[in-house]
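Open the model in your viewer and keep the selection panel to hand.

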Amino acid sequence: KLIDVPSAPQIERFVGIRDAIHSPRQGWRQVIVEATPDYSQERLDPGVPTADHFVPILVEPRCSYRRSLRSNPFFDGVDLEGVEFLRGCTFCCFAASDYAPPSPEDAVERALLQMRRYEQTISESSRRDRFLLHITPAFPRLKDFLDGLVALKLPPARIFFTCRVDELLTAAEALRAWLPALSEQGHSLHFWQIGLENFSPDENARFNKGVEPSQIEAAVALVNELEDAWPGTFVFHDHGGFAMILFTPWTRLSDLRLNAREIQRLGLREQYAMLTTSLQLRAGTPLEALAARDGLTIDTDDPDVDP
C-alpha cells in the first residue's frame, strides 16, 4: 500500500526543529547536542520483519582530523581560491565542517546517552542490534566509553566503529582491557574503513594524511593481535580490512614497488583488493586543485574528450 511520505521540511516543522536547524548560528548539529533522543516508533505493517539497519550513534564531527595545508610543500603555489576543504585529508570532504569537536569527555557522554535512550525507548518488536558509532571525538577516552557501555548491560549488540589509524592506536589499551567484559556480555566490536591510504611517504604527504609508516605497521599488528585473541568479539577483516589508495595521477613506478613490498612484508590479507584501488578525485578538494595545476585533469564537457 502506497502512503504519502512527508518531506524533510514537513518533518522538521512537525517536531519543532526547523528554525534551529536552519539557523546560521546553530544548525542541525546543535539540535543533536541539545535534544533528548527518543527512538520509539510505530510499525505500519507488523507482518514485515524488522530490517537489519544500523542504529546510528552520532557525535559530530564525524572526523576530527584538521591538519592545515599551510605547511604542506606539495601545495606551495597551488591556487586554492574557492576550495572548501583546507584542512584534513586533501581527498576528503568531511573537513569542510567548521564545527568544533566536543571534548572527549562530552563526546563519551553524548554517545552513551544515545545508546541508553535507545534501550529505554525502543519497543521489543522494533529492536535492532547493530549500532554504527561515529564518535571519533571520543577516541582519546574510549576506555571511559567502553566502561559505560558495559555498565549499561545492553542486550548483545554488534557495535561498528570507523576511525583513523592513529585513533585506533590511541584506543589499543582500552580495547585490550575491555574486550573480555564485552565478550562476556555477548557484544562484538567491528572496525571498518580504516585507511592506510599508501605506503609511499610522498603519496601520503600529498594526501595530508598525517600518518607515519611506523603507525601503519603498528595498526596492522594490533588488529591481527585482537582478532586472534578475541575471534568473534573483535572483528575487522570480515568487513574488508584496511582501505588503500594505490593509484593516483602522481603515482610513480617506485611508489608501486614500495607499496607491493610493504603489502607483502606485512602480510596484509586484503592485498588483492588493494592492488586495484585508485583515487576518487572529488570536486572542491585541494587534490583537485593540485591535479589541475599539474595538468592532470580534463574537461569532460569538451566534445573532443571521451569521458
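The stops below each give a selection and what is there.

**Before you start.** The model is predicted: local features need pLDDT of at least 70, side-chain atom pairs count only at pLDDT 80 or more, and totals for chains, interfaces and linings use all residues. Residues are numbered from 1 along each chain as its sequence is written, and side-chain values use heavy atoms, with hydrogens and water left out.

**Select the whole chain.** Colour by secondary structure: twelve helices and seven strands (DSSP runs, H or I of at least four residues for helices, E of at least two for strands, numbered from the N terminus). Of the 307 residues, 43% are buried (under 20% relative accessible area, 1.4 Å probe, protein chains only). Now the contacts (heavy atoms within 4.5 Å). Among those with a separation of 6 or more, 78% join residues 24 or more positions apart.

**Select 142-152 and 172-184.** These are helices α5 and α7; their axes come within 9 Å and cross at roughly 10° (lines fitted to C-alpha atoms over the stretch in contact, angles from 0 to 180 degrees between N-to-C directions). The two are therefore roughly parallel (angles under 35 degrees). Show side chains. From α5, Leu142, Lys143, Leu146, Asp147, Leu149 and Val150 meet Ala174, Leu175, Trp178, Ala181 and Leu182 of α7. That contact has nine nonpolar residues, no polar and two charged (Ala, Val, Leu, Ile, Met, Phe, Trp, Tyr, Cys and Pro count as nonpolar, Asp, Glu, Lys and Arg as charged, the others, Gly among them, as polar).

**Select Arg130.** Strand β2 (residues 130-134) holds this residue. Is Arg130 buried or exposed? Arg130 is buried, with a relative accessible area of 17%.

How values were computed
Buried < 20%, exposed > 50% of the residue type's maximum accessible area, 1.4 Å probe, protein only. Parallel < 35°, antiparallel > 145°, perpendicular 65-115°, else oblique.
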